[in-house]
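Welcome! Please take a look at the structure below, and then read on for a short tour of its charged pairs and its domains.

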Amino acid sequence: MVACTLCPHLCRIPPSEVGICKVRANVDGRAALPHYAKVSGLNVDPIEKKPLYHVHPGARLLSVGFLGCNFRCPFCQNYAISQSTLAQTRTLHPHDLPGLVTQAGAQGVAYTYNEPTIHWEYVMEAADRVHDAGLGNVLVTNGHLNPHPARELLTKMEGVNVDLKSFSPGFYEQELGGSLDAVRQFIALAAERTHLEVTTLLIPGRNDSDEEVSAIASFVAGFDSSIPLHLSAYHPTYRYEVEATTMQTVHRARDIASQHLRYVYTGNIADEGETRCAGCDATLVRRRGYSVDRAGLRGHTCASCGARAPFLWFGESGRDRSGRA
Ligand code: SF4
C-alpha cells in the first residue's frame, strides 16, 4: 500500500491501482502521477469565464485542463474528463506553457476544467515557469486539498476561484464524495494568501434555500465582505435531471447574498452585470456575457472619483495580492 496525503481522502493505494481521483497511483510501491503533463483541454478563454471578475477585467488566459477529480458530482459539466481517464490528451510540459501564452496574446494561465489540484506537481512547476516569463496564474478548484499542499500552491496564484457547492456537510459527503470542512479550511487559507472569489452553482431544491444562500454568503463575508461571490444557474447534465435554475431564483439568491457581501454576481443566465465603485457608486465595469466594457475605469482607478478600483492587475507590483480594497 502507498499512502497519498494530497487531499482529504488520504487514499491508501494498493499496488498497480489508483486513488479515488483516478490519476494518482501506486507505481512500483511509490506514490506517482502517471498522468503528469497529460492535457485534456487547452483553450484561450476570457478571465470572466473562470469566473474571476476582480482580476484584470478583460484579460485572456490560456486555460489548461487535465483528467480526473477527487469529487463525484452527479451534475458535473465536465464529467467526460473528470470522471474518466479515457478522454484524449496531449503531452504539454510546463516549460512549453509561457511560449503558448505569449503566442495567443494572453496574460497568463488558468488551471481549470477538471480538478487541477490533483495534478499538484504539474501546476507547481508550471506556475513557476509562467511567473518567470512575467505572466499570471489563476486556479479554479473545488478546494478539496490538504492544508500543507494548499499553502504551497496558493502562494503561486494571483487568483483562485473556489466552488463552494453547498453549505451542508451531508450534501458534500453523500452527493459529492467530499468534506465541507476541508473546503471551508481551504477557503480560509485562500482568503489569507491570494485573491479569492467563490462560486456556488444553485441547484433547485438542493442548495438554493434562503437559509443556505444566506449561510454561504455570511461565511464568505466572515473573511472579507468584498470577496466576490458568483451565483450560477444549474442546467441538467450528467446524472442529474433536476429542472434548470430559473432567473428568479438566481436573482432572489443574489438579493439575499447582497445583504452580507458587496460584490455578488450572477452567472449562466442571460443577465447583464456590473461592478460599481465603492467610493461614489459609479459603474466601473459593465459585463454582458463574457464581453467587458471598462469605460468607467481610468487606468486602475474610478474615472468618476479617482478611487482605487477593486481589481488585481497582472504585472502590477507592490500591491496587496488580495486585490481587495
Ligand atoms: S489526490 Fe487522489 S489519490 Fe491522493 S488522496 Fe486525493 S483522491 Fe486519493
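Glu-121 and Arg-24 meet through their side chains in a salt bridge, with N and O 2.7 Å apart; the term stands for a side-chain nitrogen of Lys or Arg within 4 Å of a carboxyl oxygen of Asp or Glu. Glu-121 sits in helix 3 (residues 120–132) and Arg-24 in the loop between strand 2 (12–13) and strand 3 (25–27), so the pair ties together parts 97 residues apart in sequence. Helices (H or I, at least four residues) and strands (E, at least two) are DSSP runs numbered from the N terminus.

This is a predicted model, where local features need pLDDT of at least 70, side-chain atom pairs count only at pLDDT 80 or more, and totals for chains, interfaces and linings use all residues. Residues are numbered from 1 along each chain as its sequence is written, and side-chain values use heavy atoms, leaving out hydrogens and water.

The whole structure holds 14 salt bridges. Here are three of them:

| Pair | N to O distance |
|---|---|
| Glu-121 and Arg-24 | 2.7 Å |
| Glu-274 and Arg-276 | 2.2 Å |
| Arg-276 and Asp-281 | 3.3 Å |

Shared partners join Glu-274, Arg-276, Asp-281 and Arg-286 into one network of salt bridges.

Now to the domains. The chain is divided into domain 1 (1–34) and domain 2 (36–277), with bounds from an automatic or database domain assignment. In contact (heavy atoms within 4.5 Å) are 13 residues of domain 1 and 20 residues of domain 2. One salt bridge is counted between the two domains.
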